[in-house]
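Q: Could you walk me through this one? I would like to go over it piece by piece.

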Amino acid sequence: MKLRSFEILRQRPAPALEPPAGRPPRKPAGGVPFPIHRYPEFARTPATTPGEVSGEFWVRITAENGETGLGHSHWGDLAAPAVRFFASLLEGRDAFATELHNDLMWRAAQRFGATRIASLARSAIDLALWDLKGRLLGQPVYRLLGGPVRDHLDCYFTGGDVEWGIELGFKAFKMRNSAHHSDGLAGVNRLEDEVAAMRERVGADAELMLNPVMSFTLDYAVRVFDRLAPYRLRWIEEPLMPHDIDGLVALKRAVPTVPLATGEDHHGRHAFRELVQRGAADVIQPDIRWAGGLTETLKIYAIAEAAGIPTSVHGGGGMPAGQHFALALPEAEPCEFVVRTPAGVPLEQARRIPGMPVPVEGRIMPSDAPGFGYEFGAEAFEPW
């Protein structure tokens, strides 16, 4: 079965969701600092942060028999030219040869860079190839990966309104970070107060994580990790920018009692090999939509598993590919489920990917439909 055509698409916008009538709106936690917020001219909200996720895009691949597969990533304005380049390389090839396709794209990108923007394009294409393969074979992707290793996925809640996460039945939570290294001691003090209050709210038995999103320096991270050690966090996530492997190693040595997770902004197996070989993380967090796709993430997982390090895919519970990955691989939990919609809006109503299961009491069972189980209608997409 040959690959016939590639399309770059965007999902048509869905109507804005409002809280149910009679339910008073609740203001979620404030903005999240990113590295660029060293400069106060930029507000700490995604909509006003340069370089934030701009343009989710989808790739639809059609095989010669008319069957299609879908994959998606972000920063489409930047990634679309790379998608077109890779598509010209893969058209007419065997639809089942995902390893060949992954290797061709990786090798073809070496002169201009196989990570970053190229990795976004590769990810969307690779995910579409896996979805297509599952549909052609009439099997869910998790069965193509070897079948389930568990009967459900345990998810943790990520969002600005943890009260809503508690109401939804989640038992583990990742809270937003409010501090940037430019905030100085005031930021450290404020953050400790927020973590202490959150620990009291979710209770001693709930897993609690914190996500600084690259907003610390090494010195600042050491101060924060040391201050937050008494609150028994499951991990603190991505405190430094991805290039700073030396800093991650030094941070783990300075505060070894606080687990360190990172990886959503590392792309490709070679970046993760360095993280693992140098002992720079306790948990790795590739994003399947950014790191190179499912094929590349399987290689990343194998590197980490061999070193006894678990893989928790960034945003994994909120996308079919992450759900299928976690169901099929032993060291691939917990699953993150990001909630950005208002409190009171049921998760089934809030999901943007039709056919994707959502958590019930913090647990998910992925779809057993072919491929990733997408159920998009004929009018769901428009050309990029």
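Q: Which residues does S123 touch, leaving out those up to four places away in sequence?
A: Leaving out residues up to four places away in sequence, S123 touches I288, R289, W290, A291, G292 and G293, where a contact means heavy atoms within 4.5 Å. This is a predicted model, in which local features need pLDDT of at least 70 and side-chain atom pairs count only at pLDDT 80 or more, while totals for chains, interfaces and linings use all residues. Residues are numbered from 1 along each chain as its sequence is written, and side-chain values use heavy atoms, with hydrogens and water left out.

Q: Where does S123 lie, and is S123 buried or exposed?
A: S123 lies in helix α3, and helices (H or I, at least four residues) and strands (E, at least two) are DSSP runs numbered from the N terminus. S123 counts as buried because its relative accessibility is 0%; buried means under 20% relative accessible area, exposed means over 50%, and partly exposed is in between, with a 1.4 Å probe and protein chains only.

Q: How many residues of helix α11 are buried?
A: Helix α11, residues 320-328, is mostly covered, since nine of its nine residues are buried. The buried residues include P320, H324 and F325.

Q: What covers them?
A: The cover over the buried residues of α11 includes α3 (117-137), α4 (141-144), β4 (153-158), α10 (294-306), β10 (335-338) and β11 (363-364).

Q: And what is in the loop between α11 and β10?
A: P334 is found there, and a cis peptide bond joins E333 and P334, with omega about 0 degrees.

Q: New topic: how many disulfides are there?
A: A search of the whole structure finds zero disulfides, a disulfide being a pair of cysteine sulfur atoms within 2.5 Å.

Q: How many residues are in the largest nonpolar core?
A: The largest nonpolar core has 79 residues, and those with the most contacts inside it are L228, L294 and F337. A nonpolar core is a set of buried Ala, Val, Leu, Ile, Met, Phe, Trp, Tyr and Cys residues joined through side-chain atoms within 4.5 Å. Apart from this core lies another one, of 29 residues, among them A80, V83, A124 and A128.

Q: What does L228 touch?
A: Not counting residues up to four places away in sequence, L228 touches L191, E192, V195, L210, L233 and I236.

Q: Changing topic again, how many salt bridges does the structure hold?
A: The structure holds 22 salt bridges, where a salt bridge is a side-chain nitrogen of Lys or Arg within 4 Å of a carboxyl oxygen of Asp or Glu.

Q: Which parts of the chain does the pair of D183 and R44 link?
A: The side chains of D183 and R44 meet in a salt bridge at 3.0 Å, N to O. This pair links distant parts of the chain, with D183 in the loop between β5 (172-176) and α6 (184-202) and R44 in the loop between β1 (3-11) and β2 (57-63), 139 residues apart.

Q: What about R352 and E56?
A: The side chains of R352 and E56 also meet in a salt bridge, at 2.9 Å, N to O. R352 lies in the loop between α12 (347-350) and β11, and E56 lies in the loop between β1 and β2, so the pair ties together parts that are 296 residues apart in sequence.

Q: Where do D103 and R107 lie?
A: Both D103 and R107 lie in helix α2, four residues apart, which is about one turn of the helix, and they form a salt bridge whose closest N and O atoms are 2.7 Å apart. D103 counts as partly exposed at 29% relative accessibility, whereas R107 counts as exposed at 54%.

Q: Last one: what is the phi of E238, and is E238 buried or exposed?
A: Phi of E238 is near 45 degrees, a positive value in a residue other than glycine, and E238 is buried, with a relative accessible area of 0%.
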